[in-house]
Amino acid sequence: MPRQPMAQPAAPYELQKPRIDPNQMPSPNTVHMHDQKTHAEQHYSTGLKTNVPLACTKFTAIDEGNSNPRFVRLTMYNIPNSEELLKASYLPLGMVVQPLADLDSTEEPVKVIDFGDEGPIRCLRCKTYINPHMSFINGGKSFVCNMCSHENPVPDDYFCNLDMAGRRLDCEMRPELSKGTVEFVATKDFIMRKPTPTSFVFAIDVTWGAVQSGMVAQAAAAIKDAIFGGVGLPPGAKVGIITFDRSAHFYSLLPTLDQAQMMVVPDIQDVFVPINDGFVVDPYESQVIIEGLLDGLPTMFANNRTAEPVLGAVVQATHDALRSRGGKLVVFQSALPTFGPGSLKQRDDVKLHNTDKERTLFEPQDSFYHDWAVKFVEEGICCSLYLFPSAYMDAATLCQLPTVTGGETYMYPRFDSTRDGRRFAADLRADVQRTYGGSGVLRIRTSDGLRVEDHYGNLYMRNHVDVELAGVTSDSAIGAAFQYDGKLDEKQDVFFQVALLYTTSDGQRRIRVHNLAIPCTTLIGNMFRHSEVDTSMNLISKMAVAEALTTPLKDVREKLTDRCVQVLTAYRRNCASGSSPGQLILPEQYKLSPIYTLALLKSPAIRGGADVPIDQRIYHMCLLRQLSVRQTLDYFYPRVIPLHTLAEHEGVASGETGDAVLPDFVRASYTVLDPAGAYLLSSCGALTLWVGRQASPEFVQEAFGASSIDQIDATAMSLPQVDTVLNQKIHTIAKQLVPARADFVSVQIVRQGMDQAEVLFASKLVEDRNNDNMTYVDFVCAVHRQIQVEVRPKGPVEPKWSYN
């Protein structure tokens, strides 16, 4: 009997025809496409200092003294010379640092420089590292610091004569004098303990709920793949495994054993690691032992009826085991830890949701996990937390572990192996196989007149200048907001230096240094012309999450909308005052501010409504705190690709790069979806394939191998393999949209009017009325009305528009 179509929910889809053509609204698709065309034909020279490629643009950068924008992005590339000028614009002034970001394969690797026992040359006053923007004087015998202007002597063994322009003759031969990013070999002064390769400890919750949901079997398979699949772990890395329920189970993985030996510690109030040798081992020497243990875990705990995981004891034991070497703890947790050290109580109260008191649920229940996270930082131990909740887990408390140690949080609500297994496996592989550094300390230095006011991200700060990162990856992103200490000289560049001291995954102590020299301006028009909305919104979202911990979400939302209005009003007043009052004027570089602000207001982290589970809200707060600029763009605005109109050259992988030409993206709105078409939506690494109910039988047959839309398997969570050109193109496009998950592409298939998952799909279409908020057109109109109120001569005070 054929399946009857579901009644189509009217609210998210039946949209009234707007009075303003939505296609006239600024579109991220158009902006990104234009920027891609600009940088596709020529390489980007960092010596230009401005016109930086957007974060989503594929480009090749040539380091000519300024750091590659993959490493450091500023919110503007003309710095105002005074605080008054900055306040007049309402623009944010800050940066987002991704110190270990991966470079493109076409770009030159970061140069490693060894200055020997003396270490790299630094300013004697402010400790700025030698860089291309320092000037040499007195015939090369002295150098002037670009940060504090202090005159320093040049060591005799570093002396070189100057040319007629005052440049050292060996400038081009020394990377530290010609490259914006370099890496110095650290001296013994920067080594507190002997650096060692990274040790990974995987801790798996094996309680009844975890076993029944399939999480234990999936985690074991995912760990096995993460260790031995793909590029594998970094050279020299070691691996340890813990399982836990009401007791903690440790395993000796020595290669001389026939199989792993389990040792149980039932006294979790005084937990210890009962293995002196063999807890962390070389994964390749012990591959047979490790694979045998992981393959057997699901059977070993199949009849486990224990329901209380002792996470706190596992944290304490891992600290004890990795104390002298540092490393990374990867936890797979399925339930609220209600037993042993760090036990928590059920405290969720739906009566508090969407009230001013909701923020009390954003705070940790107690200090146990925060205190141990600080101890982790002291020992260079990072923690990544994988949550599989079927009920309230108090993510606000548990997430202290990754938040403080520089780790990341992942969540798979009501985990289903079929639906979530591939995404989970891809996340874990990417997490442990990407570039990783441990025991990191990051410091940002600026020109005199500026200072760092606040830092944002997953980090710990013992003082107000040093950012401590127990772990730092190629995706780690730290935000910084700047404050003025005085006026800047508009005739000189403004300088920034980011220095990261860290231990590489193969056990070498290094100092990576990023440098920027940015023009200074006295003109507010230049500030807007060289502003960077992507970085600005990433920083603003991090600031909003930080503020949400102490301020009602209603006030946070109002402040976000006010800031959008204030920035656009400032542009209207200062740069377009002669335009018609009824005309909406948007700055070219900031015209996507309204859609990104609306997307942030609609995110589960910030939006109103009592229907957002508190753990989901906390998870999305963690996401915004940890996402890079590039990742934030996917979070704010999904990419929607039409599949039913692919041209012959689209979706075909190139023989040289493996990349395919993608069709033009369409707007993230249900109104543009053709019921006779099919669209692939990409958002934060998750793919959804929407099939219109009027899709042609020919398309359905070629794409899915099904005779009709009713016969498409919408539960498979993967694209079927069909021997057709169209099917191959769709597979190629899907892999290109999520390159980090290319080996585990998971696709949710949604049939229009037939599958309940369409509601979630529609909620991602940010231009529509959904998620307790208005349409893009309505939001822009509301912003425009408020701008008109702000710029007109002052009369009676009108009520301020806002929404909850």
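Which residue in strand 27 does tyrosine 679 stand opposite? I looked this up first. Tyrosine 679 stands opposite tryptophan 690.

I noted the basis. I am reading a predicted model, where local features need pLDDT of at least 70, side-chain atom pairs count only at pLDDT 80 or more, and totals for chains, interfaces and linings use all residues. Residues are numbered from 1 along each chain as its sequence is written, and side-chain values use heavy atoms, with hydrogens and water left out.

**Strand 26 and its partners**

I took strands as DSSP runs of E, at least two residues, and helices as runs of H or I, at least four, numbered from the N terminus. Strands pair if DSSP finds at least two bridges between them. Strand 26 (residues 678–683) pairs with strand 27 (residues 686–691) in the antiparallel sense over six bridges. Two residues lie between these strands in the hairpin, and cysteine 684 takes a positive phi near 55 degrees there. Strand 25 (residues 639–642) also pairs with strand 26 in the antiparallel sense, over four bridges. Arginine 639 stands opposite serine 682.

I then checked burial (buried is under 20% relative accessible area, exposed over 50%, partly exposed in between; 1.4 Å probe, protein chains only). Six of the six residues of strand 26 are buried. Ala678, Leu680 and Ser682 point one way; Tyr679, Leu681 and Ser683 point the other way.

**Helix 17**

I counted six buried residues out of eight in helix 17 (residues 629–636), so the rest of the structure largely encloses this helix. Tyr635 and Phe636 are among the buried ones.

**Aspartate 114**

I found aspartate 114 in the loop between strand 6 (111–113) and strand 7 (135–137). Aspartate 114 is exposed, at a relative accessible area of 55%.
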